[in-house]
Amino acid sequence: MTPDKTRKWDTLAQNKAARLSRASEHADGKVVAAARIGALLNAVLEPGDRVCVEGNNQKHADFLAVEMAKLDPQIVHDLHIIQSNIALPAHLDLFERGIASRLDFCYSGEQGVRMARLIKAGKIKVGAIHTYLELYGRYFMDLSPRVSLVVAQSADAQGNLYTGPNTEDTPAVVEATAFRNGIVIAQVNEIVDTVPRVDIPGDWISFVVQSPKPHYIEPIFTRDPALITETQILMAMMVIKGLYEPYQVNRLNHGIGFDTAAIELILPTYAESLGLKGKICSYMTVNPCPTLIPAIESGFLKAIHCAGSELGMEDYVRSRSDIFFDGPDGSMRSNRAFCQIAGHYADLFIGSTLQIDPEGNSSTATLNRIAGFGGAPNFGSESRGRRHASYGWLKAGREAAQASGSSMPRGRKLVVQMVESFREKMQPAFTERLDAWQLKDDFELDLPPVMIYGDDVTHIVTEEGIAHLHRCGNVQERQQAVRGVAGFTPVGLARDRRAVDNLRDRGIIQRPEDIGVDASLATRDLLAARSMKDLVRWSDHLYQPPNRFRTW
C-alpha cells in the first residue's frame, strides 16, 4: 500500500478554528457576557457533537446547562451527551426538546425516574452506564468531547481558572477536550484580575462567562447524626470488631450513607475503647464528611484525599492542612479521577446498595429508576493489578485461596456491602432476581446494570451478622451465606438452616455475639456526636452547616 498523500491531518484543528471564528463576534476576547451566551453556544455547537456539560456529584455548570436547553433544536440537534452526573432538570430538558438524543453517563440520582420515562419514550438512547474512571478513560479514547461546558469558582481575562475546593471532574474533562482541539467554555462565579491559584491554564480554555448567580453545589456527603439508628450503630460495631480490627484496615474508602456515618461516629468511642487508634482508619479517600470531624479531632485520621468538597467544611479543611490536600492559597484541591484510583487500590471499600441477590450481585438501578453507579464499581472491585502488600490484603488473599484451592499466593481487596435487610418503606434489600435484568430488557441494554458483581464482594454486613463470602468454597455455600444474613426477607426465609448453621460453625457467618459485640451497647450514647450542633462543637465552630441542616 502507498500512503494517502491527499489526506488532511488537521481537520479537528481547522474545525476548531472555524467554530472560534463564528463565536468571536459574541465575545470580548475570551470573556462572554451572560446575555450573549446563547448566541455563542449556537455559534460553537454543531449537530451531532459530543458534548460534556460538567455535572459532578456536587458542582454543576447549571447556568450553561439551562442556556443550552433553550437553544433551537432546528439549529442544534442530535447531540451526544457524555457526562458523569445527570442531576439537573436542564440536563434532561435537552432530550425532551430534541436538542440531544444519545447519552453516556455514570449517575442520575433524583433524575433517574424522569430519565427512565424518556428512555421508554424513545427520547434518549443510552450508550452505556459507566463508572467514573471508565467514562474519563473514554474521554481520552473514543468519546473525546468536541465541546465541554465546565464550571469554576473564578477566572481572569486570560481564561485561567480557579476551581477551589470543588475541582472534581474539571481537569479530566478540560484536558480531554482541549488536547483534541475541542472547545471549552467555563462558567465562573466571578471574573477577577488574578486568580488565587491556577488550577486550569488559560490556554486550555476557549471562553469564560460569569453566571448571574453562583453555581449550584449539592452537599451530598452531609449526614445528620440525629437520624442514625441503633440498628446502624450495631452494624457499625460489627464492621469495626469483625472486619476493621482483624484485617487491620488502615487505607479505605467509605461510601455515602448513614451506615458508614455511624462507623465514623463510633471511631472515637467504640474503636478507641478497643485500642484501635493508630491501627485502623488512618488514610481515607472520601469527601470531607462532617461526620469524620470527631475522628479527625481524636487523632484517628492521618490523611484524606477527596473527590470533591462539602459545603460548610471549607474553613475546617483550611485549618487542618496536615489532613487534607490543600493548595498554596489554603483551600483544598479535590480530584475525582485521582481519588477513584487511590480508592481502587486501597485495602477496603464499604458502601451500601438498594438490591442484593443470593450470589452477592448488587445494584442501585431498580424498576422505573435508573440511578447509575458513580464510582462504586471502581471502589468496589477487586484491584487485580495491585502489587504492593498490606496485612489485611494478604490475609484476605490467603483466606480466598484456601477456599478455592489455589496454590498461587496473592492478595485480596476487601469489598463490603453494608445494608439493613429491609430498607425504606419496608422494601427488602435482598431479592432473588435483581431488577437490573428487567431493565436490561426494557431499555435494550447489552448487560444488566449491576453495580458490584458478587465475585468482587468479600463481605455482606446486616443487622443479623457478617457473611464472609470470600471464604466460601462454591456458589452454593455463597448463596447460603447471603441468605444466612438476609433476615426475614424472602431471600432470608428461603435459607437452608442446616447449611447456615454449618457456615456459622466454620466462621463464614458470624453473629454479633460470635465476634464479641454486645448488642445492648448499640445505643446512640455510643455516637461521638449526636446532632449537627455537636459536630460544630467538635470542629471548634469551624464547620458551618448549610441552613437546611440547622435546627438552632
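Colleague: Let's start with helix α3 (residues 62-69): how many of its 8 residues are buried?

Modeller: Buried means under 20% relative accessible area, while over 50% is exposed and in between is partly exposed, using a 1.4 Å probe and protein chains only. The helix itself is a DSSP run, H or I and at least four residues, whereas a strand is a run of E with at least two, and both are numbered from the N terminus. Asp62, Phe63, Leu64, Ala65, Glu67, Met68 and Ala69 are buried in α3. That leaves α3 largely enclosed by the rest of the structure, because the buried count is 7.

Colleague: Before we go on, what kind of model is this?

Modeller: Residues are numbered from 1 along each chain as its sequence is written, and side-chain values use heavy atoms, with hydrogens and water left out. Local features need pLDDT of at least 70, side-chain atom pairs count only at pLDDT 80 or more, and totals for chains, interfaces and linings use all residues, since this is a predicted model.

Colleague: OK, on to the strands: which strand joins β4 over 6 bridges?

Modeller: Two strands pair if DSSP finds at least two bridges between them. β4 (residues 79-85) pairs with strand β2 (residues 50-53) in the parallel sense, but over 2 bridges, where arginine 50 has histidine 80 as its partner and valine 51 has isoleucine 81. On the pairing you asked about, asparagine 85 stands opposite tyrosine 107. The strands run parallel there, and the partner, residues 100-107, is β5.

Colleague: How many residues of β4 are buried?

Modeller: Strand β4 covers residues 79-85, which makes 7 residues to check. Strand β4 is largely enclosed by the rest of the structure, because its buried residues number 7 of the 7.

Colleague: Which helix makes a β-α-β unit with β4 and β5?

Modeller: The unit is right-handed. That word means that, with the strands pointing away from the viewer, the path from the first strand over the helix to the second runs clockwise. The helix in this unit is residues 89-96, α4.

Colleague: Back to β2: what is the bridge partner of valine 51 in β7?

Modeller: β2 and strand β7 (residues 147-155) pair in the parallel sense over 3 bridges.

Colleague: What about histidine 60: is it buried or exposed?

Modeller: Histidine 60 sits in strand β3 (residues 59-60). Contact means heavy atoms within 4.5 Å, and leaving aside neighbours within four places in sequence, histidine 60 touches residues including Glu54, Asn85, His91, Val151 and His215. Its relative accessibility is 1%, so histidine 60 counts as buried.

Colleague: Which residue's backbone oxygen lies 3.3 Å from a polar atom of the side chain of histidine 60?

Modeller: A polar contact is a pair of N or O atoms within 3.5 Å; within protein, one must be able to donate a hydrogen and the other to accept it, and residues adjacent in sequence count only if both atoms are side-chain atoms. The backbone oxygen 3.3 Å from that side chain belongs to asparagine 56.

Colleague: How far does helix α14 (residues 391-404) reach from its first C-alpha to its last?

Modeller: The expected span of a helix is 1.5 Å times one less than its number of residues. With 14 residues, α14 is expected to span 20 Å, and its reach is close to that, at 20 Å.

Colleague: And how far apart in space are leucine 20 and lysine 277?

Modeller: Leucine 20 is found in helix α1 (residues 11-23) and is partly exposed, with a relative accessible area of 28%. Leaving aside neighbours within four places in sequence, it is in contact with Ile183, Ser206 and Phe207. Leucine 20 and lysine 277 are 257 residues apart in sequence, and in space, C-alpha to C-alpha, they are apart by 57 Å.
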